[in-house]
Amino acid sequence: MNNVKDLLILMISSSLVSNVVLSQFLGLCPFLGVSKKVKTASSMGVAVIFVITLASAVAGVIYKFLLVPLKIEYLQTIVFILVIAALVQFVEMFLKKNSPGLYQALGVYLPLITTNCAVLGVALTNVQKEYGILKGIVNGFATALGFTIAIIILAGIREKTAYNDVPESFKGMPMVLLTAGLMAIAFCGFSGLL
Amino acid sequence: MSTKKKADSPIERLGNGLFKENPTFVLMLGMCPTLAVTTSALNGLGMGLATTAVLMMSNLIISLLRKVIPNRVRIPAFIVIIATFVTVVQFLMEAYLPDVNAALGIYIPLIVVNCIILGRAEAYAYSNPPIASFFDGLGMGLGFSLALTCIGAVRELLGAGKIFDTVVMPSSFVPINIFVLAPGAFFVLAALTALQNYIRIRMKKAGKKTHEGMGCNEDCMNCADQSCSKRFYDDKTEKKAEPKAKDAKKEEPKTKEVKKEEPKAKEVKKEEPKAKDEKKEAPKAKDEKKEEPKAKDEKKEAPKAKEVKPEEPKAEEVKQEEPKAEEVKQEEPKAEEVKPEEPKVEEVKTEEVKAEAKKEDSRPEEIKKQELTFEEIKKEALSDEVKEETQPVQEKTIRQIKEEALRKRLQEKERKGEKKDE
């Protein structure tokens, strides 16, 4: 029971309190880039949840059963990035062949996530904080969930404000960044949660 | 582009990296670490120097190996080389700069995915001699360090009243804490990009050539350059969706032929004029539905209408021809993606000149319209489930709308392409 409670707390803390984009600045590029429409943003979010959960599971297994026994933990960065890139490629091919529907929904976003720093960031955090495999997966899922929440909210705001009359220099990215900043302030409020 | 010149001189490369193509201020690359580690000037400097070290070494090695690395596997090869140096730097910092390392934490290993490094490897080192590449890396790295230090100093100054841990502000100054917290990073960067935009606009007015995101090597994922024309995944999605939609078109004629062969399909055709109206004004589709009940009666007599059924999106009930039905199902979502664009394209057509001038301004209404039509078509699709007999007509009209939209979009794209070429 205690274990479940721990996992719940972990979920809340990694999805809301230390939100991956708004307080850790990981995965900022898709956050700013794919947040023009709610529809694309939510597809991206789902794809990110999918990839990060899977990647944190695979990275956890590899770390525990390959790197630690062989005492080559120092290779973690290299191994993780290659594993993640290969994994994404593999998942893409697998989906293309076996689940065209899902591929249709996620396909375009999968390769874009390969170089997303959030994926590698989660894998490394799991190692750094010495989470086990299960905890690592939960952390990965919660982090990705936080990313999805943030990107969908931002896309919603951007859809509403995209055509507001703002000073010319602030058009485009500066406005998005200001919005993100205000969102970050709002998310600071969650820090009282735990 | 500078990459096409013969062996650039080291000093030219340094200046290029520091000022002309400053990765942060001009190219807007590597934004994640820029925001994350600039809580103080010292952290910014540490991160900048770590990145510089990796950038120099990876550029040098990649340039040396540029004739050995096959073109097709170059990206994985780059990543391995970069990751190696990142690991080396990480351990060096752990040993000699434990404080800075602790402050930077996870962002040091994350230098691997910093797009500046991969970007320079791809855009410069892979096609230039070692010495120039080395200095390119040094210049870029120093430019990055300079930018990070500046941003860090501003945030530290406003957020804590210090620079490099030395109190510089008078004691009456109340630190604006938020600037050292996460939101401050966004605000500082927003101000920075706004300044950049301002300068760009001024330069354009003065008739000077402005810098358009170079070195991005189409890695839009890792690129925060708003003005980059290659940007926006939405476009990519659409591009990918288009060819598939074309396939859907190709399959169209067959189904039409089937209908022609049917003697009783005439009844179906009777409704076509209305369908054309629908094409032009999708929102009015509702009115048509009222007329449909009549059509129902007609079609109950038409047993051959079943042959057309496999086209229905939800034709699972027709077990005999399920595979076909599945094909149609797969096409459906793609076509839907494209559909919402329809009204936009039409408006652009009618008001080409205006739209060109005020493209951005005319959009908000379009978005609403898009949503409306999209929802309506969805509703239609749902109601089709109920009125199965009338399906062929409905299906056809929906398909026609899609087809029409696609055609218009294609024309539009071509036109846009022409404009760009001009």
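This section describes helix packing, aromatic pairs and salt bridges in a predicted model.

In the predicted model, chain A is built from 9 helices and 0 strands. Read from the N terminus, the order of elements in chain A is accordingly α-α-α-α-α-α-α-α-α. Chain A comprises 194 residues, of which 51% count as buried.

Two packed helices are described by the angle between their axes and by the distance between those axes. In chain A, helix α3 (residues 38–70) packs with helix α8 (residues 133–161) at an angle of about 165 degrees, and the two axes are 8 Å apart. Because angles over 145 degrees count as roughly antiparallel, α3(A) and α8(A) are roughly antiparallel to each other. The crossing in which α3(A) passes α8(A) is right-handed. By residue class, the contact between α3(A) and α8(A) contains 19 nonpolar, 9 polar and 2 charged residues.

Helix α8 of chain A also contains A:Arg158. The relative accessibility of A:Arg158 is 11%, so this residue counts as buried.

Helix α3 (residues 41–64) and helix α7 (residues 130–160) of chain B have axes that come within 7 Å and cross at roughly 165 degrees. The helices α3(B) and α7(B) are therefore roughly antiparallel. Their crossing, that of α3(B) and α7(B), is right-handed. The contact of α3(B) with α7(B) is made up of 16 nonpolar, 12 polar and 2 charged residues.

Over all chains, the structure holds 5 aromatic pairs. One of them is formed by A:Phe25 and B:Phe186, whose rings are tilted, with a centre-to-centre distance of 5.4 Å and 50 degrees between the planes. This pair crosses between chains: A:Phe25 is located in the loop between α1 (2–17) and α2 (28–33) of chain A, and B:Phe186 in helix α8 (residues 182–205) of chain B. With a relative accessibility of 4%, A:Phe25 counts as buried. B:Phe186 is also buried, its relative accessible area being 0%.

Within chain B, B:Phe78 and B:Tyr126 form an edge-to-face aromatic pair, at 5.4 Å from centre to centre and with 75 degrees between the planes. B:Phe78 belongs to helix α4 (residues 74–96) of chain B, while B:Tyr126 lies in the loop between α6 (115–123) and α7 of chain B; the pair thus links distant parts of the chain, 48 residues apart. Burial applies to both B:Phe78 and B:Tyr126.

Side chains of opposite charge can pair when their charged atoms come close. The structure holds 4 salt bridges over all chains. Among them is the bridge between B:Arg13 and B:Asp136, in which the closest N and O atoms are 2.6 Å apart. B:Arg13 is part of helix α1 (residues 10–20) of chain B and B:Asp136 is part of helix α7 of chain B, so this bridge ties together parts that are 123 residues apart in sequence. B:Arg13 and B:Asp136 are both buried.

A salt bridge also joins the side chains of B:Glu122 and B:Arg74, at 2.7 Å from N to O. Since B:Glu122 lies in helix α6 of chain B and B:Arg74 in helix α4 of chain B, this pair ties together parts 48 residues apart in sequence.

B:Asp136 takes part in a salt bridge with B:Arg120 as well, with an N to O distance of 3.1 Å. Here helix α7 of chain B contributes B:Asp136 and helix α6 of chain B contributes B:Arg120, so that the pair ties together parts 16 residues apart in sequence. B:Asp136 has a relative accessibility of 0% and therefore counts as buried. B:Arg120 is buried too, with a relative accessible area of 3%. Through salt bridges that share partners, B:Glu12, B:Arg13, B:Arg120 and B:Asp136 are joined into one network.

Key. Residues numbered from 1 in each chain as written. Chains lettered and ligands numbered in written order. Predicted model: local features only at pLDDT ≥ 70, side-chain atom pairs only at ≥ 80, totals over all residues. Heavy atoms only, no water. Axes fitted to C-alpha atoms, helices over the stretch in contact; angles between N-to-C directions. Helix = DSSP H or I, 4+ residues; strand = E, 2+ residues; numbered from the N terminus. Parallel < 35°, antiparallel > 145°, perpendicular 65-115°, else oblique. Left-handed = near helix turned anticlockwise from the far one by under 90°. Nonpolar A, V, L, I, M, F, W, Y, C, P; charged D, E, K, R; others polar. Phe/Tyr/Trp six-rings, centres within 6.5 Å; stacked < 30°, edge-to-face > 60°. Buried < 20%, exposed > 50% of the residue type's maximum accessible area, 1.4 Å probe, protein only.
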